[in-house]
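Q: Hey, I've just been handed this one and I'm new to it. Can you walk me through it?

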Amino acid sequence: MRTRSTVLPVLAMVAASILVPDAGADAAPGVSVTVNARAGLETVSDTAVGANHAIWDTTLGTPEVADLMKGAGVQALRYPGGSYSDIYHWRDHTAPGGYVAPNTDFDHFMAGAQRAGAKPIVTANYGTGTPQEAADWVRYANVEKHYGVKYWEIGNEIYGNGHYGSGWEADDHPEKTPAEYATYVRQYAEAMKAVDPTIKIGVVLTTPGEWPDGIVAAGDAGTWNQVVLSIAGPVVDFGIVHWYPTGTNGPESLSKTNRVADFVRMAREQATRYAHKDLPISLTEVNTSYGMNTQPGALFAADAYATLLENGVFTVDWWNVHNGPTSYSTVAGQPDYADFGLLSSAQCLADGTTCEPGLNTPFAPYYALAMTSKFAGPGDQLVQAAASDPLVKVHATRKRDGGLAVLLLNQDPDAAKTVALDYAGFTPAASAQVLTYTNGAKSIATTTGTSAATTLPPYSLTTLVLRPKTATALPAAPARPTASAVTDREATISWTPTIPGVKYEIHRQVGTTTQQWGETTGTSFTVHNLTPATRYTVNVVARDSAGRVSWSSPPVTFTTATPAASTCAVAFADVNDWGNGYVGSVDITNTGTTPVDTWALTFEWPTTWQQVSSGWSGTWTQTGTTVQVASNADNRVIAPGATTNTGFVGAYQGPNAPPTAFRLNGTLCTTR
């Protein structure tokens, strides 16, 4: 949870106005955008676009705020607000040590959420509460009041209780370890589900690549996620992560969304490894550190929400509805108050010289949420899309009503971009509805344009809403396939049948293109000649006898193994992690029948933010993402069956995904 301040009583709202883009802005050379509607990603949930609502906010639950949330398409509201969750007692509406505003109790919150049409996400008090208190809250909410609260978190950022050396989260338990938390989560889940077995219980995880991920504290059996998932995994229904990427300027802060796919995938992989289940992931707090109230914040918000939804996160909740100013600057020509809120708190800085606009005046990220909700509604499916210009981010959804929406973000603060669009798997009508939010605007402009091309104003968000050229009933899309019998060279893709008389096509995603691996009237397909240690993303579509093609299935992603038999084997381990660096250990074993005399081991980092800082027992070098360690005089010979060890100090500034393939003198090794 980030800083907050008490919200002042309601003032008159500032009148909205439309900022018209400068027609004379110079457009950069043409940008090519490709949208592949057949390369399906994840489906949007009914809680996708969310926000936090806190008990110290005097406007919580008011009709004015509820209507603004509804106007932005907010589908989920989280209560009672970040770290306050671990000091808040719902029955008497108190938070010892904190400020509780009048008329912010649970019933007022629910009234506002219902008016907004948003589903509640409630954080039960772990830090100073009890399983019985949480169970009583479930009873009150769902049995006595029939509110139907489905999602219940157990605590907020509990890893911030001082166990790893930094403490901001209240925790009165005798031990502050992940094992203690996980053990109590089991008790919470048992007590709460005894009242209402239909609820979903969320467990606090560390975000891969963010402190304190990777750290093993004294006495612990593993990292926070490893211990928590191993103990609490069987009884919880979703994982909770928070994300506040840093950045001191627009390009730096806007680039951080490239971390999303890796940290979501790694969180899921950890759940599979330690909890032995596919655990849905929620991101219940997110914000940016630069341009919070201005266009960089809006561009970050829209890109972050879309990218997280593409990767299957079922709710993304902005911190916060209101928060309060912390400093003043001018960003992209607009006033920025370093306020984490979506709406103005109408407060002044401590020196009294600078004040925010009238209470509830929307800041730029508010309009980003509104653009996102129009672009990606419940039941829509994200699909692959990309642009030729790195300053143009593009996302696309196949709409439930048969249409298509394309979200285009121009991250260039100075130049307009002319965009030509190409579509695969979808033929649009010529005209398109165009929604645009420009730098400094006070509303979203709606115009009519074409589906083939558009111009993006500088620092802008644009959505094209398209209709198909010909409306046609399509066969039902297959459900998500599974991958089994995965080796280094083969995998079997399986799915449930849809309707009789269709053929199923199996497609591999390669960026915005697809490679058809084959087709069958059956419900499984074995693909051969795969590349070892390679990640594959696969969709299945159904084609009927008239040639009509269904929507894409959701994807299945799998990674092929390294060879079961090779003349070398490698074991890679992170043996001591401190949050942004670690000691890496590499064991190299000669599994062949002849000695290896003078060797070089190479591998690729999965990301651009990982590096080798120094190393020993070999000569370490890194070029781009390629790492090599070469033997020295002491270990150049590895006898058959023998193992030599080498090591390094590694650094990372994002998810620290381990390498998957190692080559010894060019030979791909077995990974142990």
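What follows is a chat about this predicted model, from the whole chain down to single residues.

Q: What should I know before I start clicking around?
A: This is a predicted model, where local features need pLDDT of at least 70, side-chain atom pairs count only at pLDDT 80 or more, and totals for chains, interfaces and linings use all residues. Residues are numbered from 1 along each chain as its sequence is written, and side-chain values use heavy atoms, with hydrogens and water left out.

Q: OK. How many helices and strands does the protein chain have?
A: Nine helices and 38 strands. Both are DSSP runs numbered from the N terminus: helices are H or I with at least four residues, strands are E with at least two.

Q: And how compact is the chain?
A: As compact as a globular protein of that length, because the radius of gyration is 26 Å, close to the 26 Å that the globule rule gives for 672 residues. That radius is taken over C-alpha atoms, and the rule is 2.2 Å times the number of residues to the power 0.38. Along its principal axes, the C-alpha trace spans about 80 × 65 × 55 Å.

Q: How much of the chain is buried?
A: Of the 672 residues, 57% count as buried. Buried means under 20% relative accessible area, exposed means over 50%, and partly exposed is in between (1.4 Å probe, protein chains only).

Q: What about contacts along the sequence?
A: Take the contacts between residues at least 6 apart in sequence: 73% of them join residues at least 24 apart. A contact here means heavy atoms within 4.5 Å.

Q: Let's do strands. What covers strand 8, and what does strand 8 pair with?
A: Strand 7 (residues 238–243) runs parallel to strand 8, joined by five bridges. Strand 9 (residues 316–318) also pairs with strand 8 in the parallel sense, over two bridges. Two strands count as paired if DSSP finds at least two bridges between them.

Q: Which residues sit across from valine 286?
A: Tryptophan 243 has valine 286 as its bridge partner in strand 8, and valine 286 in turn has tryptophan 318 as its partner in strand 9.

Q: Is strand 4 enclosed or open?
A: Strand 4 (residues 119–124) is largely enclosed by the rest of the structure, because five of its six residues are buried. Four bridges join strand 4 to strand 3 (residues 76–79), and the two run parallel. Alanine 76 stands opposite lysine 119 there.

Q: Where can I see an antiparallel sheet?
A: Look at the open sheet of five strands in the order 32-33-30-36-37, where the pairing is antiparallel. Its edge strands are strand 32 (619–623) and strand 37 (667–668), each pairing on one side only. Strand 32 pairs with strand 33 (residues 626–630) over five bridges, with threonine 623 opposite threonine 626.

Q: Switching to helices: which residues of helix 5 are buried?
A: In helix 5 (residues 224–232) they are Trp224, Asn225, Val227, Val228, Leu229 and Ala232. What covers them includes helix 4 (178–195), strand 6 (200–204) and helix 7 (260–275).

Q: Where are the cis peptide bonds you'd point out?
A: One joins tyrosine 79 and proline 80, with omega about 10°, and proline 80 lies in the loop between strand 3 and helix 2 (106–116). Another joins tryptophan 211 and proline 212, with omega about 0°; proline 212 is in the loop between strand 6 and helix 5.

Q: Which residues other than glycine have a positive phi?
A: Histidine 276 is one of them, with phi near 60°. Histidine 276 is in the loop between helix 7 and strand 8, and counts as exposed at 67% relative accessibility. Alanine 332 is another, with phi near 50°; its relative accessible area of 34% makes alanine 332 partly exposed.

Q: Last one: what does proline 378 touch?
A: Not counting residues up to four places away in sequence, proline 378 touches Val44, Ser45, Asp46, Gln75 and Arg400. Proline 378 lies in the loop between helix 9 (364–375) and strand 12 (381–387). Proline 378 and valine 49 are 329 residues apart in sequence and 9.6 Å apart in space, C-alpha to C-alpha.
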